[in-house]
Structures are given as C-alpha cells and as structure tokens.
Amino acid sequence: MSLQNLILNLHHFWAGQGCYLAPSYDLEVGAGTMTPDTFFRVLDKRPWKVAYVQPSRRPTDGRYGENPNRVQKHHQYQVILKPSPADIQKVYLESLRACGIDLRDHDLRFDEDDWESPTIGAWGVGWQVMLDGLEITQFTYFQQAGGIEVFPIPVEITYGLERLEMFIEGKEDMYDLQWSDDVTYRDLRLAEERQFSEFNFRQATVKSLRDQFALAEAEARQLADKGLVLPAYDMCLKCSHVFNLLDARGAISVTERVKMIAQVRALVIQVARKYVGSGTAAEGGAS
Amino acid sequence: MEFLLEIRVEEMPLAHVRTALAEMSVRLAAALASRKIAVSALRTLSTTRRLVFVGDFAAGQPDREDVIVGPSKVAAFAADGAPTAAALGFARSKGVSVADLEVVRTEKGEYVGVRKLVRGQATSEILGRVLPEVVAAPSFPKMMRWGTGTFRFSRPIRGILCLFGGRVVPFVLDGLAAGDATTGHSLLAPEAFRAGSFADYEKGLRERCVVIDSEERKASIRAQTERLLTTLEAELYPDEALLDKLANDIEWPHVFSGAFPEAYLELPIEVLSTAMREGQKLFSVVRNGRQAPLFLGVADVAGDPKGVIRRGNERVLKARLEDARFFWEQDLAVPLKKHAARLKNVLFQEKLGSYADKAERLRKLVLYLGEKIEEKTAAKELIAAAELCKADLVTDMVREFPSLQGKVGGLYARRAGLPAITAQAIYEHYEPQSVDERSPASLEGALLSLADKLDSIVGVVGIGIQTTGSSDPFGLRRNAQGVCKIILEKRLNLSFGRLLDKALAVYGERLKKPKAEIIAYLRDFFAGRLRTLFEREGFRYDLINAALGAGVDNLYYARRRVKALDALKSSPHFEPMILMAKRVNNILGGPAPSAVDEGALVEKAERDLHATFAIVRDNARPLAAKGDFEQAQRILFRLEPLLNVFFEKVLVMAEEAKLRRNRLALLQAIRKSLLQIADYSQVVVEGERPKG
C-alpha cells in the first residue's frame with residue numbers, strides 16, 4: 001500500500017468518525033498541533049472533530065537526504081476530537097486496522113510520553129504508541145493551550161506518516177517509500193531535502209532572518225492589539241519558523257534564545273486570551 | 001467477606017501505579033477502620049491498565065448500644081420514687097416506658113437514661129459511600145482531566161468492577177457506574193466478561209491473556225529470559241528499572257531475542273545499551289563482559305510465530321544504531337575543544353550564565369581543591385577535564401541520548417588521545433547519580449564532580465531558590481548528598497567553610513543574595529544532608545548530634561567523630577566520662593575564660609587534675625588534628641577519675657573569687673578540649689534515654 005493510500009484510508013476512516021477533513025495549512029509549522037485548526041479549536045468550549053495532513057518543518061533535522069530516517073520536512077496526520085470520546089483508544093486501534101495492519105500479529109503498546117510546548121504555552125498527558133518498537137503515533141489529552149486550561153478536554157492523535165508507511169511497506173529507507181504506485185518518496189523529496197538542508201544550515205542569511213523575525217513580531221503585536229487574532233497568530237507562526245531557522249544556523253546566543261522564545265510565547269498567550277474572550281470563538285472563524 | 005475492586009484505566013506509568021495502590025489502600029483501610037469494620041486482609045495487584053484491591057472485610061459494622069442521657073435523677077423521680085413529668089416526657093420521646101429507664105452515673109452526677117441498640121450498617125453500603133473518596137485520594141505529580149468530566153486522575157478511568165461478598169457494590173464515579181464486568185487483553189481478548197469473585201476474576205483474566213499479579217509477570221519475564229540466554233550462551237546487561245517497567249506495562253509477556261549487524265559493535269557499550277533501552281525498551285546482551293550483537297525484548301503478545309515483532313524491532317534498532325554511529329563519527333570529527341567553545345551559547349541558568357561560564361568556574365574550583373587536599377592530584381589533567389567536561393552537551397550524541405552526558409564526553413576525550421586521567425574525570429563527573437549509586441572511582445573525577453555539584457548548589461541558592469518540603473526542583477538535595485558522599489568516601493580532609501567561600505567567590509557579582517545569608521543557609525543545609533547520610537549508616541541519633549555539635553567545617557572529620565563515638569560507646573569508660581563532661585558543662589554554664597594561673601592552684605586534687613590535663617591535652621590535640629578521634633578520646637578518658645576526685649575534694653565555687661575563677665578556668669580549658677572531639681552534652685546515657 002502506498003503512502004497516498006495510507007492517507008486515503010485515514011481520511012476515509014476519520015471522516016467516518018465525523019471528522020471534518022481540513023486542507024493542510026499554508027504556512028511553515030513545526031507540527032500539526034500549531035495550525036489554527038488545532039490551536040484555536042481546542043481553546044473554545046464547542047465540540048470539534050478534524051483530521052488533516054500537515055507537512056511539518058524542523059530545520060535542524062535536515063540531513064542532506066543522507067539519513068534514511070530523518071528529514072527536515074515530514075508529514076503528520078493530525079486528528080483532534082473534542083471532547084475526547086470514552087472509547088477513543090479502541091477507535092484508534094480501529095484506525096490502524098483500517099490501514100491494513102493486523103494487530104494480532106504485532107506488539108502494540110502505549111508508552112508514557114507527556115507532551116509540552118512552551119512556545120505555545122501548551123501541555124498534555126499521553127503516550128507514544130509503539131508498534132513492534134517503532135513509534136508510530138503521539139496520543140495526547142490536551143490540558144492547557146495558549147496558557148489557558150482547556151475544557152472540554154480534546155484528544156490529539158498524531159500519526160507520523162513516513163514512519164507508519166515504512167512499517168507497512170517494511171522498508172528501511174524512507175526514500176524508498178512509494179508515494180503512489182509509480183512515484184517514490186525519493187522522486188518527490190530528495191532534491192528538496194538536499195537543498196533545504198543546505199539552506200537551513202549554511203545559506204540562510206542571518207541578517208535577513210533576524211529582520212524577518214522582528215517584522216513578523218511587530219506585525220503580530222499590532223494585529224493582536226486590534227483583536228485580529230487569526231492574522232496575528234499567523235505572524236506568530238512565522239516568528240516560530242524563522243526562530244527555528246536561526247537556531248539551525250547556530251546564530252542564536254543564550255540571552256537571545258530566552259528572549260525570543262519569551263516574545264513568541266507572550267504573543268501566543270495574548271492571542272489565545274483574546275480569542276477566548278472575544279467574539280472570534282463564538283463566530284466560529286478559526287479556519 | 002471478599003472484597004474486589006478493579007479500576008480500569010488507560011495505560012498508567014509505573015510510578016503512578018505505585019502511588020495509586022499505596023494511597024488508595026491507606027485511604028480505604030482508614031475509611032473502614034473509622035467505621036469499625038474489621039479488615040482481615042487487603043492487598044493490591046496491578047497492570048498498567050488495572051488497579052486492583054482484594055480484601056477480606058467484616059460483613060458489617062458491629063451492633064452497638066448507645067446510652068441516651070435524660071434528666072437528672074433528682075428531677076426524674078419524686079421522693080417517693082414516683083416518676084415525674086420530666087421522666088415520663090423523656091421516656092415518651094424515646095419511645096420506651098418509664099420502667100425501661102435506668103440510672104446513669106456521669107461526671108455531673110446521677111441521671112436517668114435509656115439504652116438503645118443501634119444496628120451496624122452493612123459494609124457494602126458503607127463501601128458504596130466511601131469508594132468515590134478512595135479513588136479520589138491519590139495525588140500524582142501531574143493530574144489530568146478527560147472528556148467532559150471534572151474528575152482528576154493520572155490517566156482516564158474507563159471502567160470499574162466492584163464486588164463485596166459476590167455482589168456488586170453500587171457506586172458511581174464521575175458518571176461511571178461500578179459493575180461486575182471487566183475486559184481482557186486490549187488486543188488479544190478485548191471482549192467484556194463478568195466475574196463473581198476474585199478467583200473468577202483472576203481465572204477469567206488469565207483465559208483472556210492478562211496476568212494480574214506484577215510479581216508473576218516479572219517472574220515469567222525472568223524465566224523466559226533465562227531460557228533464551230542459555231540457548232544464546234550469553235548474559236543480560238542488568239537493568240532492574242527496565243524489568244520493573246516492562247512488568248508493569250505488559251499484561252501478557254513474551255520474551256524474544258533479536259540481533260543487529262556486528263559492524264555496530266564499534267560503538268561503545270554505553271551507547272549501544274542506551275540506544276536499546278530508551279525508545280524500544282530492549283535489554284542489551286553481553287558475552288564475557290562484552291556487548292554481543294544481540295538484544296532481548298518483551299512484547300505484549302502470546303508469541304511471535306512469524307517473527308514479525310523480532311524483525312520489526314531489529315529494523316528500528318538498526319536505524320537507531322545507524323543514527324548513533326553517524327553522531328559518533330560526526331562528533332569525533334570535531335575536537336572536544338571546539339565543542340567546548342560552543343558552550344557560550346548553551347544556557348546553564350538564566351541568572352547564572354552559560355555553560356562556558358560554568359566551565360570557567362569549575363576550572364578555578366578544581367584548582368583550589370587540588371591545592372587544598374592532602375592527596376596528590378594530576379593538576380594539569382584535572383584542569384583540562386574541568387574545561388572540557390561540559391563540551392558533550394553540544395554534541396549530537398548527548399542531544400540524542402541526554403542520559404549519556406558526561407560519559408560521552410569521557411569517551412570522546414579518550415578517543416581524541418587526551419590523558420586517561422582527564423578522560424576518566426569527564427566520564428565520571430556526574431556520579432554519584434543518587435545516594436545509592438557509586439561515586440567517581442578516580443580522585444580527579446571526584447573533585448570535578450564535587451566542584452560541579454557545589455557550583456550548582458551555591459548558584460541556585462545564591463539567586464534565591466531554596467528547597468521547601470518535598471519539592472526539590474533543582475536537585476539541590478541530591479547534589480548536596482552527592483557532595484557529602486564524595487567527601488566522605490574519598491576522605492577529603494578540607495575546610496568546607498573555606499570551600500564554600502571559594503565557590504561563592506568564583507561567581508563574582510552574579511549572586512544577588514547577601515553572602516552571609518547564603519553561607520548560613522548552606523551550612524544548615526549541608527549539616528542536614530550529613531545527618532541523613534549518618535542516619536542511613538545506622539548511627540545513633542544522639543551520637544550524630546554529639547559529632548555534629550563539635551563542628552561541621554570538616555565533613556570528613558564529622559564522620560570520623562561519629563565513628564569514634566560509635567566505636568567507644570560500649571567501653572566501660574564511656575558513660576562515666578559522658579556524665580563527667582555533663583557535670584563540667586553544668587557547673588560552667590555559659591562561656592568562661594580558660595587561662596589558668598598555676599600559682600593559684602592550692603589543693604592537691606586541682607594540681608593533679610591540672611598536671612594530668614596538660615599531658616592529656618598535649619597528647620590528644622595532635623591526634624584530634626589528624627582526625628584520630630578514637631585514640632584522642634581514649635586518652636581523654638584518663639581525666640575522668642581525676643575529675644571525680646576534683647569534684648569530691650575541691651569546692652569549685654569557692655568564696656575567694658581568685659580561686660573560684662581559676663577553677664572555672666581549668667574546667668573551661670577541659671571543656672574546650674573535649675569539644676574538639678564531640679559535644680558530649682548531646683549524648684544520652686542510660687537513665688536519661690526516653691522509655692520504650
């Protein structure tokens with residue numbers, strides 16, 4: 001089964017569970033958790049079910065296409081169910097069966113792994129799901145986001161698509177995966193990994209990145225002050241990605257690091273508060 | 001009657017399971033005791049998905065007789081013995097006839113009263129009321145909510161089975177009703193089934209691939225492991241913590257073995273075993289003390305007939321080892337010094353600067369330590385170790401396996417051809433990780449570890465962070481215990497006060513709290529750690545007090561003091577000497593001058609005491625100075641008979657001021673000598689010791 005069939009199976013399964021299938025978000029993010037379809041929707045009180053593929057960028061994980069397991073951009077399959085259903089573990093196991101994994105032959109375990117993201121003021125309790133020793137999913141009950149206690153409690157299920165597909169195809173090299181029947185992961189991604197690794201680690205202009213950070217940060221602030229929380233949050237995401245690039249360039253000093261993380265965090269918390277307090281949450285305008 | 005409670009949860013970590021079992025049992029036992037329900041047995045069982053309590057409780061509360069007191073006897077009966085209106089009214093209100101009233105003697109006099117039999121409540125009813133509190137009792141380091149519920153627990157609760165005497169104990173917890181059904185293994189036998197007793201329950205689970213007793217699961221893992229190892233002609237790299245975790249996490253353990261390509265054996269065993277343990281939770285396997293290209297794993301399955309679990313784990317492990325080899329090679333391509341240069345970008349603590357700043361402080365501290373201790377150290381090698389010991393924090397290997405910090409630096413230093421002493425000191429400088437774990441083997445490693453821990457403690461306390469109650473967010477207690485352990489085990493003979501001064505001084509102006517305040521806090525703090533260590537060693541508390549009372553400036557000597565007291569405590573001279581020392585103390589009261597005017601010693605007994613004391617002091621002083629408190633003490637014992645005669649024959653509080661002052665001065669000089677050994681006034685002797 002190809003990676004795109006895996007995605008189709010997951011789409012089909014979660015749509016059947018009542019999820020809205022969201023398009024991938026069109027900004028660089030480090031994880032599916034950071035897009036508005038998760039970030040804002042876990043904050044308000046209304047029920048929410050969503051599933052989507054999210055390309056996720058982690059500049060420091062770049063390996064010039066030479067590591068069979070690590071890439072600076074991978075793909076997550078993100079599911080949010082709010083409130084978390086009582087039989088969610090069973091439903092999750094069903095989703096794996098729907099992807100053609102016969103669980104009777106395998107060792108599947110929920111291994112303690114709580115999650116925390118200081119940059120977006122969020123933490124949750126949960127596990128990494130291990131299938132024959134391979135981590136295929138992060139399973140988290142959100143407790144806080146944007147510095148706010150969330151309620152009802154959402155559950156987040158994040159599948160690592162490449163990992164899961166390597167398991168299904170029994171491949172040792174990510175680049176050998178079939179995206180579709182006749183297109184491999186190598187065809188699609190190798191050049192990108194090489195070029196972006198070079199960009200992330202060596203060629204990105206530090207001065208320009210610093211400027212971008214400052215611009216996005218100022219823009220986020222003025223938008224947040226005006227209560228335009230959705231564009232303000234986009235600016236926060238830009239800050240976060242530019243920060244990651246600066247980090248990959250090794251250009252951030254001790255004091256700067258602390259300061260920049262605190263800046264982004266403060267903005268995100270301000271945005272979250274305004275979203276919860278203002279009409280945006282009630283308008284249903286997060287995405 | 002048999003009690004059975006099973007709380008079904010989503011997978012709980014081992015530490016939380018232990019907390020839940022302990023705190024819930026205590027709460028349950030207390031709730032029953034306070035309601036007078038006899039508990040003949042209560043034990044706990046568990047898996048990561050089940051918290052189980054099995055007990056044998058009385059069927060109900062015992063019946064009891066209550067006496068309800070009414071009006072006084074005088075008010076209740078007229079002189080002729082006829083009941084008054086008060087008696088009649090009281091009897092009516094209690095639903096009895098006047099004949100049932102009896103006289104009750106109270107503190108206030110005689111009253112009339114009535115006895116009423118109160119039937120005990122059924123245990124089942126009481127359980128239904130107290131169990132919601134019992135489940136809410138445990139407090140976990142992190143509590144969570146789920147769904148739309150408001151209950152907080154370690155992980156979501158998904159089902160409750162509760163039986164007493166074979167019947168369901170009805171209660172509801174956060175919308176979840178207790179029943180008599182449970183489920184089997186989540187993948188192998190997920191269907192629900194009912195149980196009428198613990199025997200039923202245990203058997204039903206076993207038929208559905210769940211062993212409910214974690215000890216049995218552990219034994220099964222051990223037995224299967226042994227069988228495999230015999231075939232492989234190999235041994236396990238011991239890891240009790242991993243075994244405990246797996247015995248908790250897995251309901252139906254199956255042990256399997258796997259292999260990895262021999263090429264990865266070029267990686268050190270530390271890296272290999274960590275790569276196996278973290279992530280996949282595999283045991284590393286050794287042959288003749290060397291890593292073999294093998295591992296053992298435990299899966300939550302009945303078996304692996306097709307070998308898919310083994311192959312899956314092999315594939316994942318190979319990828320991890322490939323990564324580790326990549327890190328190993330990448331890291332080694334850069335000299336350790338260059339890694340160290342990047343430490344200025346790594347934060348140690350916001351107010352305490354970067355790790356480069358820390359390394360600079362460590363360099364100064366180990367230089368100081370090397371000069372102050374009696375043993376010879378390799379100064380150049382030690383300083384190099386201080387400069388490089390934190391360098392591995394920026395390496396890919398430590399970023400991947402943080403638990404290998406220090407060890408990786410040491411391995412890289414050895415690979416780079418740095419002196420063996422430097423490499424070993426770096427390797428060991430986080431040891432001891434806890435009181436029970438080993439300290440650095442090398443003296444240089446010990447000094448570096450000591451400097452590192454002390455620097456952290458002084459810094460953290462210096463910016464105003466202190467430990468309170470059970471919270472110890474910066475590992476202050478653990479680090480301080482490490483400092484004490486190293487000093488005691490390496491027998492480092494040095495002034496701790498001056499070492500603290502030095503550790504403060506190397507921080508320069510960074511620490512905002514007043515120095516005197518920091519020092520005062522740390523002295524108490526370390527005395528407390530020292531006390532804990534001595535208590536763990538089993539020394540008597542009063543001997544510990546006596547030893548610490550003589551000063552804690554030299555930690556090593558403090559231990560020698562308590563050992564000397566312990567060694568001599570059964571000597572026939574010990575208690576008489578203690579009593580005599582106390583007598584000296586009592587008569588002296590507060591401090592007094594200790595200069596004795598020999599010409600003013602008039603009585604033979606005081607002249608004898610003075611002469612002997614001079615000899616005793618001259619002999620004991622050098623012994624005490626070099627820490628031989630046992631021998632020094634034996635010599636001091638010789639003063640006891642002379643003091644005895646002195647107190648018998650000489651009036652200390654003489655009329656004549658000159659004589660009195662001189663005698664007090666002699667006693668004061670003796671007290672000062674004794675205090676070099678121990679504060680004897682703290683020792684509790686026979687007769688003073690509290691009874692029981």
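At what angle do the axes of helix 8 and helix 9 of chain B cross, and within what distance do they come? In this predicted model, the axes of helix 8 (residues 269-277) and helix 9 of chain B cross at roughly 140° and come within 10 Å. Angles over 145 degrees would count as roughly antiparallel, and 65 to 115 as roughly perpendicular; helix 8 of chain B and helix 9 of chain B are therefore oblique to each other. Their crossing is right-handed. On the side of helix 8 of chain B, the contact is made by B:V271, B:A275 and B:M276, and on the side of helix 9 of chain B by B:L317, B:R320, B:L321, B:A324 and B:W328. By class, this contact of helix 8 with helix 9 of chain B comprises seven nonpolar residues, one charged residue and no polar residue.

Helix 6 of chain B contributes B:S214, B:R217, B:K218 and B:I221 to the contact, while helix 7 of chain B contributes B:L243, B:L246, B:A247 and B:N248. The contact of helix 6 with helix 7 of chain B contains four nonpolar, two polar and two charged residues.

Between the chains, the contact takes 31 residues from chain A and 32 residues from chain B. On the side of chain B that touches chain A, strand 16 (290-300) and helix 9 (308-332) of chain B each supply at least two residues. Helix 9 of chain B gives the most to this side, with nine residues. The residues of the side of chain B that touches chain A are divided among 13 nonpolar, 12 charged and seven polar.

The largest nonpolar core has 252 residues. Residues with the most contacts inside this core are A:C236 and A:V271 in chain A, together with B:V366, B:A386, B:L448, B:A451 and B:A547 in chain B. Helix 7 (residues 229-248) of chain A provides the largest share of the core, 12 residues. With neighbours within four places in sequence left aside, A:C236 is in contact with A:A220, A:V264, A:L267, A:V268 and A:V271. A second, separate core has eight residues, among them B:A87, B:A91, B:Y111 and B:V112.

Several backbone features lie in loops. A cis peptide bond with omega of about -5° joins A:K82 and A:P83; A:P83 is located in the loop between strand 3 (73-82) and helix 3 (88-98) of chain A. In chain B, a cis peptide bond joins B:E431 and B:P432, with omega of about -5°. The loop that holds B:P432 runs between helix 15 (420-428) and helix 16 (443-462) of chain B.

B:K36, although not a glycine, has a positive phi of about 60° and is placed in the loop between helix 1 (14-34) and strand 2 (39-47) of chain B. Because B:K36 has 14 C-beta neighbours inside 10 Å, this residue counts as partly exposed. B:N288, also a residue other than glycine, has a positive phi near 50°. The position of B:N288 is in the loop between strand 15 (283-287) and strand 16 of chain B. With 8 C-beta neighbours inside 10 Å, B:N288 counts as exposed.

Technical notes. Residues are numbered from 1 along each chain as its sequence is written. Chains are lettered from A and ligands numbered from 1 in the order in which they are written. This is a predicted model: local features need pLDDT of at least 70, side-chain atom pairs count only at pLDDT 80 or more; totals for chains, interfaces and linings use all residues. Two residues are in contact if their C-beta atoms, placed from the backbone, lie within 7 Å. Helices (H or I, at least four residues) and strands (E, at least two) are DSSP runs, numbered from the N terminus. Ala, Val, Leu, Ile, Met, Phe, Trp, Tyr, Cys and Pro count as nonpolar, Asp, Glu, Lys and Arg as charged, and the others, Gly among them, as polar. A nonpolar core is a set of buried Ala, Val, Leu, Ile, Met, Phe, Trp, Tyr and Cys residues joined through C-beta atoms within 7 Å. A residue is buried if 20 or more other C-beta atoms lie within 10 Å of its own, exposed if 12 or fewer, and partly exposed in between; C-beta atoms are placed from the backbone. Axes are lines fitted to C-alpha atoms, for helices over the stretch in contact, and angles run from 0 to 180 degrees between N-to-C directions. Angles under 35 degrees count as roughly parallel, over 145 as roughly antiparallel, 65 to 115 as roughly perpendicular and the rest as oblique. A crossing is left-handed if the near helix is turned anticlockwise from the far one by less than a right angle, and right-handed if clockwise.
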